[in-house]
Amino acid sequence: MSARSRELFGLLPVTLLVTGGFTALLITRSAEINKVSITYGAFFLGCCVFAHIFIRARLPNADPYLFPLGALLAAFGLVMIYRIDEKLARQQAEWFVVGLALFCATIVFVRDYRVLERYRYTIAAASIGLLLLPRVPGIGGATNGAYLAIHFGSLQFQPAEFAKIGIVIFLASYLRETRDVLVRGRIPRISLKHFGPLLLVWGLAMLMLIFIRDLGSSIMFFGAFLAMLYVATARISFVAAGLALFVLGSIFFAGHVPHVHERVEIWLHPFRPDLVESSGYQIAQALFAQADGGLFGRGFGQSLLQLPVAGGHSVTILPAAHTDTIYAVITDELGLFGAAALILVYLLFAARGFKTALIARDGFSKLLAAGLASVFALQVFVIVGGVTRVIPLTGVTLPFVSYGGSSILANFVVLALLLIVSNAARSGPAERGGIA
Amino acid sequence: MNRQITQLFGVVLVLFTLLVVFTSRWTVFEAKSLQNQTANKRPLLEQLQIPRGFIFAGDGTKLAVNKRSGHGPTLRYSRVYPTNNLFSHAVGYSFISQGSAGLEKKYNDDLAGNSNEFSSIIDELSGQKKVGNDLYTTLDPAAQRLALQLLGNQAGSVVVLDPRDGAVRVMASVPNYNPNDIPERSRQLNTDKAAPLFNRATQGGYPPGSTMKVVTASAALDSGRYTPNSVVSGKSPKILGGVPLSNCCTEGSGNYGPLTLTEALAKSVNTVWGEVGEKLGKKTMFEYMNRFGFDKKPQLDLPSDELGVSGVYGSHGQLLGPSDAIDIARVAIGQERLRVSPLQMAEVAATVANGGKLMKPRLVERIESPDGRVIDKRGPAEIDQVMKESTAQQVTAMMEQVVKAGTATTAQIPGVTVAGKTGTAEVANGTANQAWFIAFAPVPNPRVAIAVTIERTQGEGGTVAAPIAKQVIEQLLGKGG
């Protein structure tokens with residue numbers, strides 16, 4: 001079977017999930033199946049088949065599993081968001097269509113992705129500019145103390161989602177060029193010229209802690225940087241030094257930036273009586289929702305997110321259910337097994353990304369694919385780790401699943417880039433790597 | 001670079017495993033403790049959507065039912081107590097904001113349909129909806145109503161046990177409260193000086209007065225040191241515990257000559273029973289008290305914090321034992337620092353009535369699912385053979401004399417042999433009495449064992465407590481009006 005046929009078959013379970021998921025939801029909600037579930041399923045299938053035909057035409061040799069995995073996550077996200085809020089789901093579906101358009105546009109315009117290397121400093125500068133936008137008065141503003149979004153009228157945009165792609169492209173290009181120096185040079189002989197950019201990126205991560213005040217984003221960016229540095233140089237000492245610097249810096253800022261300090265306090269003591277009803281409410285409720293799910297979950301649509309009270313109002317039980325804490329809703333409704341299955345899908349997606357890096361034939365492609373896979377995996381780790389209290393909870397999205405236009409768009413670009421790299425790698429004689 | 005890429009994937013694998021490990025931590029391993037967090041309203045809200053099991057009296061009277069409101073996601077059940085004040089302390093209450101008490105608290109898991117871990121997994125797999133199970137209690141509404149009516153506005157308590165199987169028939173405590181008022185009035189009830197929420201039957205700690213002589217008599221005869229006909233001097237005052245003890249001022253009066261133990265029980269002569277207690281010694285007295293259930297929580301199926309321990313208390317509220325400095329002569333006549341609950345004294349009466357065998361007191365007879373399947377049946381259970389059967393018969397005969405010709409003639413019922421013992425302990429510096437009466441009937445096959453006590457009364461055990469016991473016994477034996 002050709003790669004593209006495998007892709008098409010991979011989309012079947014996705015469509016079944018959307019149709020089945022909406023049907024299940026509508027049954028629990030209104031005890032009757034109406035046309036909506038079928039319409040949603042058919043519409044989603046139509047979009048996916050279109051994208052599939054597009055990939056068939058433009059990237060015939062691309063990895064056959066990446067797109068179905070991404071579509072599976074997006075479909076799952078749509079069902080969950082529909083279950084949380086129908087209006088948001090309709091918007092998310094619109095964003096999904098726009099995302100697919102951007103996906104196709106990326107494939108058309110970045111056919112030869114090596115061109116990107118030429119613009120690496122422009123891309124780096126633009127990415128840093130994007131990151132700082134939320135601090136610009138007038139368009140930016142803090143949400144829960146972190147500067148993550150900018151506003152255009154009613155539209156909200158999270159620049160970090162796109163900045164992560166730009167930074168990865170820059171690092172892939174930069175590290176491809178300097179890796180020879182970094183690898184060959186003995187530590188004492190590495191001059192500031194070569195070591196400088198490393199310190200610069202560290203400084204940038206620390207700056208993000210101060211300016212954006214978001215530990216999650218800086219873990220994501222700095223982690224991706226360390227990952228790519230390691231791939232480029234194979235020097236564990238660099239990674240250790242970077243990690244140590246990051247941890248020291250984080251501890252320092254955790255003590256000195258009030259917002260970061262508070263996040264750490266909440267992380268360590270979510271049930272402290274003075275926190276549990278105020279700033280710790282979100283993480284505490286997220287944990288309660290997970291405890292409620294147990295092994296098998298309560299079933300689609302059964303998680304208690306809002307409590308209707310007298311007068312037609314409702315009290316929010318789980319805040320940010322459609323964005324930050326969507327993983328808690330998933331665990332509540334599908335249980336440990338459902339949540340583990342979701343993590344597995346993310347792992348498979350990352351695995352295909354790393355596989356692409358393995359079979360890529362030049363340094364830039366390898367670094368780009370490995371960097372994109374790392375930043376994607378780290379984003380999952382930061383948000384799911386936040387909701388499960390592995391690390392402090394911060395406001396990044398769960399890729400493809402959380403509600404949010406910028407998230408969907410940016411992740412479709414990640415997907416497009418991975419497919420482009422993999423198409424180039426698998427065209428012609430390819431050396432096969434180790435990961436299945 | 002491929003080696004590093006593979007290693008990097010290994011790191012991602014570890015990180016994602018960590019995510020699954022933490023998810024299991026919250027969903028499985030620490031789920032229970034998260035559900036018990038006070039900030040977690042989910043279990044409570046969930047309970048509101050489950051029709052809670054009913055609570056029934058022994059005759060089928062509904063003691064706790066549900067009111068339904070809303071539908072779909074706004075469906076809520078709330079508790080209604082059709083009998084109002086009748087069984088406030090035994091049944092208790094269950095409300096979201098105010099918590100729960102009594103049987104509602106003790107049997108919450110059964111009433112709310114929380115089954116054990118294993119069957120809940122089965123239920124989850126089969127998608128079975130939770131339903132609460134019903135409690136069938138041993139309580140007798142007619143006798144309870146009569147007991148409350150007879151206590152009137154006097155603070156006090158009546159406890160009735162079936163001596164044969166430990167079934168609690170009556171658990172009256174005055175003042176009481178209407179559980180339906182809890183949502184609106186819980187603060188007021190909590191701060192009320194008359195302590196209406198306090199279950200005097202099980203939590204009350206009162207000086208038992210002369211009812212304690214039943215325990216002393218059981219110890220004296222069962223240890224083989226005395227017989228009912230043993231003669232002891234009834235002179236008054238008598239130096240006991242290094243301090244003169246007199247018979248004056250409580251019951252009977254004054255100076256007696258030599259008396260048999262039977263006569264001394266009927267007349268409730270303090271100097272005789274004080275001397276008996278002192279001769280038996282602390283070790284023997286405490287041994288028998290322990291067998292009767294003193295010094296530990298009663299094994300009744302109510303929440304542990306609603307059960308008081310009967311025993312001798314030190315100045316810091318600690319329980320004293322045979323190795324402490326105690327005037328055992330005065331313990332033997334129910335003075336010193338002895339504090340007992342009405343439930344404990346009902347158990348003393350029930351033990352003698354049941355041939356010396358103490359049965360585990362119980363409120364719940366069985367638990368049934370709404371479709372009538374018996375989930376759990378709680379049969380009678382023996383706690384201890386407190387004394388020999390022959391001893392119990394001798395003590396019974398002595399207690400019969402108390403009612404026939406002693407201090408409790410007010411408890412006589414025509415055609416029914418009643419055995420009993422009065423008690424009157426001075427409280428509030430001698431300005432008021434704690435009046436007691438414990439009894440059982442009909443001898444020789446008792447079906448009712450009762451303890452009645454009234455706080456701060458001017459009356460005595462024989463004048464205020466015994467008449468109440470008489471009427472409640474008549475009601476329970478089907479002789480009442």
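Modeller: In this predicted model, one aromatic cluster is formed by A:F44, A:F67, A:F96, A:F103, A:Y346, A:F349, A:F376, A:F400 and A:F412. Over all chains, the count of aromatic pairs comes to 26.

A:F103 belongs to helix α4 (residues 86–109) of chain A, while A:F412 belongs to helix α15 (residues 405–426) of chain A, so the pair ties together parts that lie 309 residues apart in sequence. Both A:F103 and A:F412 are buried.

The cut-off for stacking is an angle under 30 degrees. B:Y93 has a relative accessible area of 12% and is therefore buried. B:F95 is buried as well, at 13%.

In chain B, the charged end of B:R366 sits over the ring of B:Y136, at 4.2 Å from its centre. B:R291 lies over the face of B:Y288, and here the distance to the ring centre is 4.5 Å.

A:L305 is in the loop between α12 (281–293) and β4 (306–308) of chain A. Its relative accessible area is 9%, which means that A:L305 is buried. Leaving out residues up to four places away in sequence, A:L305 touches A:R83, A:I84, A:V315, A:T316, A:I317, A:L318, A:A321 and A:V329. One of these, A:V315, is 10 residues from A:L305 in sequence, and the two C-alpha atoms are 8.6 Å apart in space.

A:R389 is another loop residue of chain A, placed between α14 (363–387) and α15. A:R389 is not a glycine, yet its phi is positive, at about 65°. With a relative accessibility of 17%, A:R389 counts as buried, because the limit is under 20%.

B:N429 in chain B also has a positive phi without being a glycine, here of about 55°. This residue lies in the loop between β19 (419–427) and β20 of chain B. B:N429 is exposed, with a relative accessible area of 83%.

The loops of chain B contain other details. B:S369 is in the loop between β16 (364–368) and β17 (374–377). At 4% relative accessibility, B:S369 is buried. Its side chain makes a polar contact of 2.3 Å with the side chain of B:D371. Setting aside neighbours within four places in sequence, B:S369 is in contact with B:N133 and B:I375.

Cis peptide bonds come next. The bond from B:V174 to B:P175 is cis, with omega near 5°, and B:P175 lies in the loop between β8 (168–174) and α9 (182–191) of chain B. Another cis bond joins B:A441 and B:P442, with omega about -10°. B:P442 is in the loop between β20 (432–441) and β21 (448–457) of chain B.

The last topic is how the chains meet. Here 36 residues of chain B are in contact with 58 residues of chain A. Between them the chains bury about 4200 Å², and 74% of this is on carbon and sulfur atoms. B:M1, B:F16 and B:R42 supply 19% of the area that chain B buries against chain A, more than any other three residues. Across this interface there are 0 salt bridges, while 7 residue pairs are in polar contact, counting pairs with both residues at pLDDT 80 or more. On the side of chain B that touches chain A, α1 (2–29), α2 (31–35), α3 (42–48) and α7 (117–126) each supply at least two residues. Of the elements on that side, α1 of chain B gives the most, with 21 residues.

Terms used: Residues numbered from 1 in each chain as written. Chains lettered and ligands numbered in written order. Predicted model: local features only at pLDDT ≥ 70, side-chain atom pairs only at ≥ 80, totals over all residues. Heavy atoms only, no water. Phe/Tyr/Trp six-rings, centres within 6.5 Å; stacked < 30°, edge-to-face > 60°. Helix = DSSP H or I, 4+ residues; strand = E, 2+ residues; numbered from the N terminus. Buried < 20%, exposed > 50% of the residue type's maximum accessible area, 1.4 Å probe, protein only. Lys NZ or Arg CZ within 6 Å of the ring centre and 35° of its normal. Contact = heavy atoms within 4.5 Å. Buried area = accessible area lost by both parts, 1.4 Å probe. Salt bridge = Lys/Arg side-chain N within 4 Å of Asp/Glu carboxyl O. Polar contact = N/O pair within 3.5 Å; in protein donor to acceptor, adjacent residues only side chain to side chain.
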